Amino acid sequence: MNILYFDTTQDWIQVLVSKYSENTDLEILSEQTETTPKESSYMLVEYIRLGIEKAKINKPDLIIVANGPGSFTGIRITVTTARDLSQLWEIPVFGVDSLEVYLVGIKGKEVDAKTSLLCLDGKQGKYYTKYKSEKGLSESFDLTPESIEVKIKTSEWTPNNWYYTGNLPKFYPNAAIKIEATNLNLSSILQYSLKQYFKTEPNKNDYLSLLPNYIRGTYVDHK
């Protein structure tokens, strides 16, 4: 099974084409990562075309995308493109929480062995936030800095690893790691996403089932 993964929900474009076979490791056929904060709208489709061409396949059998939270425009571009291609190619499509896959895919730390806090800069003075502990992953939150600090000060959250995007949050230690396109392992992200995909019912993964994960609801209300 050939799989196409892509993500433009942050300030980057990531496109991965891989081959999956049961009981074998993923075979990476092509991989592209670029930091392009304002160019996703017209570069994503070209990157997908190049990725498929390099992988030497006609089309994938499955599309997996990070569908938010993140940039409103980036989420819209990712989800719209995935739905269009899913309909065009008549293949299933599956969306995964961006915060979740970044925690899984961050390079250089033993994320699974320790507690971790990830805060994506959501603008408007808030952060898209997820906490990972031995109990598993929390839901994704949209929180003010004050709300996050309360959870930390009361020891509700006791992170060993600290991750963020944008500027370093004031309540973070200076040694915290900034998540960027170049320190995410797409192979790990895809392996994790596939496990989630195989847990779902096949008839729940058509193009109509893929929805944007905005968290905030109507962005117009916050302008």
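Keep in mind that the model is predicted.

Let's start with the overall layout. Where the two meet, 12 residues of domain 1 are in contact with 12 residues of domain 2.

**The cores**

Now for the nonpolar cores. The largest nonpolar core has 28 residues, and those touching the most other members are Tyr-5, Ile-64, Tyr-102, Leu-118, Ile-179 and Leu-190. Two or more residues of this core come from each of β1, β4, β5, α3, β6 and α5. The largest share, six residues, is supplied by α5. Because domain 1 and domain 2 both give residues to this core, it lies between them.

| Element | Residues |
|---|---|
| β1 | 2–7 |
| β4 | 62–66 |
| β5 | 93–96 |
| α3 | 98–105 |
| β6 | 116–121 |
| α5 | 186–198 |

Leaving aside neighbours within four places in sequence, Tyr-5 is in contact with Gln-14, Val-15, Leu-16, Ile-64, Val-65, Ala-66, Val-101, Leu-186, Ile-189 and Leu-190. There is also a second, separate core, which has 25 residues, among them Ile-13, Leu-44, Val-79 and Leu-85.

The largest pocket has a volume of about 740 Å³. It is lined by 32 residues, and Thr-9, Gln-10, Asp-11, Ser-71 and Lys-123 are the closest to its centre. Helices α1 (40–55) and α2 each supply at least two residues of that lining. The largest share of the lining comes from α2, with four residues.

**Thr-78**

Thr-78 is placed in helix α2 (residues 72–89). Is Thr-78 buried or exposed? Its relative accessibility is 0%, so Thr-78 counts as buried. What does the side chain of Thr-78 make a polar contact with? The partner is the side chain of Thr-8, at 2.6 Å. Beyond its neighbours within four places in sequence, Thr-78 is in contact with Phe-6, Asp-7, Thr-8, Thr-9, Val-65 and Ala-66. One of these contacts, Thr-9, is also among the residues closest to the centre of the largest pocket. Val-65 and Ala-66 turn up in the contacts of Tyr-5 as well as in those of Thr-78.

Note on methods. Residues are numbered from 1 along each chain as its sequence is written. This is a predicted model: local features need pLDDT of at least 70, side-chain atom pairs count only at pLDDT 80 or more; totals for chains, interfaces and linings use all residues. Side-chain values use heavy atoms; hydrogens and water are left out. Buried means under 20% relative accessible area, exposed over 50%, partly exposed in between (1.4 Å probe, protein chains only). A polar contact is a pair of N or O atoms within 3.5 Å; within protein, one must be able to donate a hydrogen and the other to accept it, and residues adjacent in sequence count only if both atoms are side-chain atoms. Contact means heavy atoms within 4.5 Å. A nonpolar core is a set of buried Ala, Val, Leu, Ile, Met, Phe, Trp, Tyr and Cys residues joined through side-chain atoms within 4.5 Å. Domain bounds come from an automatic or database domain assignment. On a 1 Å grid over the protein atoms alone, a cavity is a set of points where a 1.4 Å probe fits but cannot get out, and a pocket is an open set with protein on both sides within 12 Å along at least five of seven lines; lining residues have an atom within 4 Å of a point. Grid points are joined across faces, edges and corners, and a volume is the space filled by probe spheres set on the points.
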